[in-house]
Amino acid sequence: MNKKKNKDNEWENDPEWQDFFDHVDKQGPWDSKDDKIHTIGGLTNDKEGGFMEFQNKMDSNDMEDEIQIEEIHQEAMKILYIDMDGVIVDFIQSAKNSPDYEKYINELDRIPDIFLNAPPMKQAVRSVNKIIDSKKYDVYIASTAPWGNIESLSHKRIWIEKYFGDKLKKRLILTHRKDLLIGDYLIDDRTANGAGKFKGKLIHFDTDQYPDWASILKYLSIN
Ligand SMILES: [Mg+2]
C-alpha cells in the first residue's frame, strides 16, 4: 500500500514541481516570467508597452474625430440625415438585376447581396456630394438594415465607402428608430422605422413636393 503511494507521489520530487512549490505560496511580484501582474487578460504583457501605445493611438483618433464634430457644431450647421434605399440607393433596380428576384419576390430585402450590388439613384451621388461640399449641412446617413439580412449591415457600410470614399466616413447610422435621431432634416422616401415621427423636418422623397434630387437641392438652397 505504502509502496504504491510512494510511487504515485514520485512526481513531487521532480525539480520543476519543486520549483513551483517554492513559489506558489510566496507573494508577488515574482520573476516577470512567473508573475500574473505581467499579464493582461491572460496575455503576456508586451514589455515595450505596445498595447498601451495602441490604446493611446485609438483614444487620440477618437479625440480627433470629436474635435472635428465639435468644430462643425460651432459653425451651427444644420444636421441633415439621408436615407439610403429609395433615396440614394436604387433598391428596386438591384432586386430586378438579381438572379434570385423571383425566388425572393415576397421578401426582396433578403435577396443575397442586394444592398452590396445596388446601383445609386439618379443624381443621388452628385447631389449628396454637392450638399456635403456646400458645408451648409452636417450630413449623416440614416438607414435601416433588415434584421433578417445580416450581411446588409456591412454591405451598407461598404456601399457608402464605394460611392463617397471618406466623405461619409463614420457618418453611417443604422437604426429601426429614426424618430430617436436628433437633427434638423431627414430625407426619406418612407415614414416607416420612425421616419414619420422624426422630430425635425421630414423631406419626403418621391412625393409630389419632392419628386427628385433637383427639388431637394432647391429646397436646401444648394446650387
Ligand atoms: Mg428608404
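A nonpolar core, a term you'll meet below, is a set of buried Ala, Val, Leu, Ile, Met, Phe, Trp, Tyr and Cys residues joined through C-beta atoms within 7 Å. A residue is buried if 20 or more other C-beta atoms lie within 10 Å of its own, exposed if 12 or fewer, and partly exposed in between, with the C-beta atoms placed from the backbone. This is a predicted model: local features need pLDDT of at least 70, side-chain atom pairs count only at pLDDT 80 or more, and totals for chains, interfaces and linings use all residues. Residues are numbered from 1 along each chain as its sequence is written.

**View 1. The whole chain, to get your bearings.**
The protein chain holds seven helices and seven strands. Helices (H or I, at least four residues) and strands (E, at least two) are DSSP runs, numbered from the N terminus. Read from that end, the order is α-α-β-β-α-β-α-α-β-α-β-β-β-α. Of the 223 residues, 19% are buried. Two residues are in contact if their C-beta atoms, placed from the backbone, lie within 7 Å. Take the contacts between residues at least 6 apart in sequence: 58% of them join residues at least 24 apart.

**View 2. Inside the largest nonpolar core.**
This core has 31 residues, and I82, V87, I88, V89, L186 and I187 touch the most other members. At least two core residues come from each of β3 (78-82), α5 (124-134), β4 (137-143), α6 (151-164), β6 (185-188) and α7 (213-219). The largest share, four residues, is supplied by β4. Now pick out V89: leaving aside neighbours within four places in sequence, V89 is in contact with M84, A118, P120, M121 and W159.

**View 3. Five strands in an open sheet.**
Follow the strands across and you get the order β5-β4-β3-β6-β7, with parallel pairing. On average, neighbouring strands are turned by 25° against each other, direction ignored. Axes here are lines fitted to C-alpha atoms, for helices over the stretch in contact, and angles run from 0 to 180 degrees between N-to-C directions. Helix α5 packs on the sheet and touches β3 and β4, its direction making about 140° with that of β4. Helix α6 lies across β4 and β5, running at about 160° to β5.

**View 4. Strand β6 and its two partners.**
Two strands pair if DSSP finds at least two bridges between them. β3 and β6 run parallel and are joined by three bridges, with L80 standing opposite Y185 in β6. β6 also pairs with β7, in the parallel sense, over four bridges; here I187 has I203 in β7 as its bridge partner. Which way do the residues of β6 point? Y185 and I187 go one way, L186 and D188 go the other, and all are buried. In a regular strand, side chains alternate between the two faces of the sheet.

**View 5. The two sides of helix α5.**
A124, S127 and V128 are the buried residues of α5. Looking down the axis of α5, they fall within an arc of 95° (taken from the directions from the helix axis to the C-beta atoms), so they line one face of the helix. They pack against β3 and α7. After α5 comes K135, with a positive phi near 60°.

Most residues other than glycine have a negative phi. D206 isn't a glycine, yet its phi is positive, about 70°. You'll find D206 in the loop between β7 (201-204) and α7. D206 counts as partly exposed because it has 14 C-beta neighbours inside 10 Å. S221 isn't a glycine either, and its phi is positive at about 55°. S221 sits in the segment after α7 and is exposed, with 8 other C-beta atoms within 10 Å.

D113 belongs to the loop between α4 (91-97) and α5. Is D113 buried, exposed or partly exposed? With 14 C-beta neighbours inside 10 Å, D113 counts as partly exposed. D113 and S152 are 39 residues apart along the chain, and their C-alpha atoms are separated by 7.5 Å.
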